[in-house]
Amino acid sequence: MRTRVKICGITRPADGLAAAHAGADAIGLVFYPKSPRYLSAERAIEIRDALPPFVQTVALFVNADAAQVSQVLGRVKPSLLQFHGDETPEFCGQFGVPYVKAARVRQGLDLIEYLRPFSRAAAWLLDSFVEAYGGVGERFDWSLVPQGLERPIILSGGLERGNVAEAIRRLRPWGVDVSSGVESAKGIKDGAQIAAFIAEVRNADV
């Protein structure tokens, strides 16, 4: 199986193109105002319009209200929604668009119990538990991931070219999601690092 790759926290059209040319399946657009990778709808549209075909756009939210999500859907028209906060299954499912629900993995959290209510999610994303949301470059203990999760798994949290192949070999996720691990500065992606990361994913698949 080919592991899918999402490059998250894209803030510039050139970085979206670099991800696409390196073979990324999707890019992430962050609509969480406290993030250094936060985008306005106008900027997100610029990035979306620069992409070649068959590269998905994913809109990421953290505890947004329904009006914010609807506004992004109406203007940016992302392929997929990604929810990283304390959203309920009812909230995530109300927009008529496929969504991914994130869980911040930590000792003592029953992942199956936490994620089971989100059984209609397109996938479950496993991220590191940190005080700030997303893109801080810390990985979690992969041994905390139980076997036999019922939805496709996207692995995130501290991935970079040096560890992504091991992560794929150990957990065999449907996809991997990287942000800070391919950056030269917060929100500024490095084309060479993106290409190297995706090359390691492909090596693990083989």
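F31 is buried, with a relative accessibility of 7%, where buried means under 20% relative accessible area, exposed over 50% and partly exposed in between, using a 1.4 Å probe and protein chains only. F61 is buried as well, at 1%. This is a predicted model, so local features need pLDDT of at least 70 and side-chain atom pairs count only at pLDDT 80 or more, while totals for chains, interfaces and linings use all residues. Residues are numbered from 1 along each chain as its sequence is written, and side-chain values use heavy atoms, with hydrogens and water left out.

Let's turn to the rings themselves. A pair of aromatic rings is described by the distance of the centres and the angle of the planes. Here, rings of Phe, Tyr and Trp (its six-membered ring) pair if their centres lie within 6.5 Å; planes under 30 degrees apart count as stacked, over 60 as edge-to-face and the rest as tilted. By this rule there are seven aromatic pairs. F31 and F61 are stacked because their ring centres are 5.7 Å apart and their planes meet at 20 degrees. F31 belongs to the loop between β2 (26-30) and α2 (41-50), and F61 to strand β3 (residues 56-61), so this pair ties together parts that are 30 residues apart in sequence. Helices (H or I, at least four residues) and strands (E, at least two) are DSSP runs, numbered from the N terminus. Ring pairs also join F31 and F61 with F83, F91, F95 and Y99 in a cluster.

Another pair is formed by Y114 and F118, which is tilted, with 6.2 Å between the centres and 40 degrees between the planes. Y114 is partly exposed at 28%, whereas F118 is buried at 4%. The face of F118 also has K101 over it, 5.3 Å from the ring centre; a charge sits over a ring if NZ of Lys or CZ of Arg is within 6 Å of the ring centre and within 35 degrees of the ring normal. R139 likewise has its charged end over the ring of W142, 3.5 Å from the centre.

Now follow helix α3 (residues 66-76), whose buried residues are V69, V72, L73 and V76. They lie on the same side of α3 because they cover an arc of only 100 degrees around the axis, taken from the directions from the helix axis to the C-beta atoms. An α-helix has 3.6 residues a turn, so residues three or four places apart point the same way. After α3 comes K77, with a positive phi near 55 degrees.
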